[in-house]
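Thanks for coming. I will go through the side-chain contacts first and then the space inside.

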Amino acid sequence: MTTEEKPWGSYTNLLDESYTKVKQIVIKPGESPSYQYHFKRSEIWVIVKGTGVCKLDGEKYEVTVGDVIAIDEEQKHQITNIGETDLVFVEVQLGEYFGEDDIVRLEDKYGRV
């Protein structure tokens, strides 16, 4: 398992196979990854700790422990930690390609667009 540090938190690869990739993602309080989408994969997020706001195609929803979010290929998505502690979720990627270069960033407070 490898962990990658990001300005918003970190992710750890739990499983990396030709048919899926599974990550544990940790978002620091007040932080969020970019508003983005993917051409070659869908994602399923299971919230396991904390609270956040999930933005899907511009619509915002509050999420908490036990919530499951399904994200289709090319669906715009972002999650923001609105709590006082880390927001943690498991991300299951499904599709034909799982590389980090299949990220199209639309908005990013860290200047990565």
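I will call something a salt bridge when a side-chain nitrogen of Lys or Arg is within 4 Å of a carboxyl oxygen of Asp or Glu. Asp108 and Arg112 make one of these, at 2.8 Å from N to O.

Before more of them, the ground rules. This is a predicted model, in which local features need pLDDT of at least 70 and side-chain atom pairs count only at pLDDT 80 or more, while totals for chains, interfaces and linings use all residues. Residues are numbered from 1 along each chain as its sequence is written, and side-chain values use heavy atoms, with hydrogens and water left out.

Back to the salt bridges. The count comes to five. For burial, I use relative accessible area with a 1.4 Å probe and protein chains only: buried is under 20%, exposed is over 50%, and partly exposed is in between. Asp108 has a relative accessible area of 14%, so Asp108 is buried.

Helices (H or I, at least four residues) and strands (E, at least two) are DSSP runs here, numbered from the N terminus. Lys109 is exposed, because its relative accessibility is 53%.

Next, the rings. A pair of aromatic rings is described by the distance of the centres and the angle of the planes. Rings of Phe, Tyr and Trp (its six-membered ring) pair if their centres lie within 6.5 Å; planes under 30 degrees apart are stacked, over 60 edge-to-face, and the rest tilted. How many aromatic pairs does a search of the whole structure find? It finds two.

In one, Tyr37 and Phe39 have ring centres 5.4 Å apart and planes at 80°, so they are edge-to-face. Tyr37 is buried because its relative accessible area is 16%, whereas Phe39, at 43%, is partly exposed.

In the other, Trp45 and Phe89 have centres 4.8 Å apart and planes at 45°, so that pair is tilted. Trp45 belongs to strand 5 and Phe89 to strand 10, so the pair ties together parts 44 residues apart in sequence. Trp45 is buried at 3%, and Phe89 is buried at 2%.

Lys23 is over the face of Tyr11, 3.9 Å from the ring centre. Lys55 is over the face of Tyr35, at 4.0 Å.

Last, the space inside. On a 1 Å grid over the protein atoms alone, a cavity is a set of points where a 1.4 Å probe fits but cannot get out, and lining residues have an atom within 4 Å of a point. Points are joined across faces, edges and corners, and a volume is the space filled by probe spheres set on them. The structure holds one cavity of 30 Å³ or more, and the largest cavity has about 250 Å³ of space. It is lined by 22 residues, and the closest to its centre are Trp8, Ile25, Pro33, Gln36 and Glu91.

Terms used:
1 Å grid on protein atoms, 1.4 Å probe; cavity = no way out; pocket = protein on both sides within 12 Å on 5 of 7 lines; lining within 4 Å. Lys NZ or Arg CZ within 6 Å of the ring centre and 35° of its normal.
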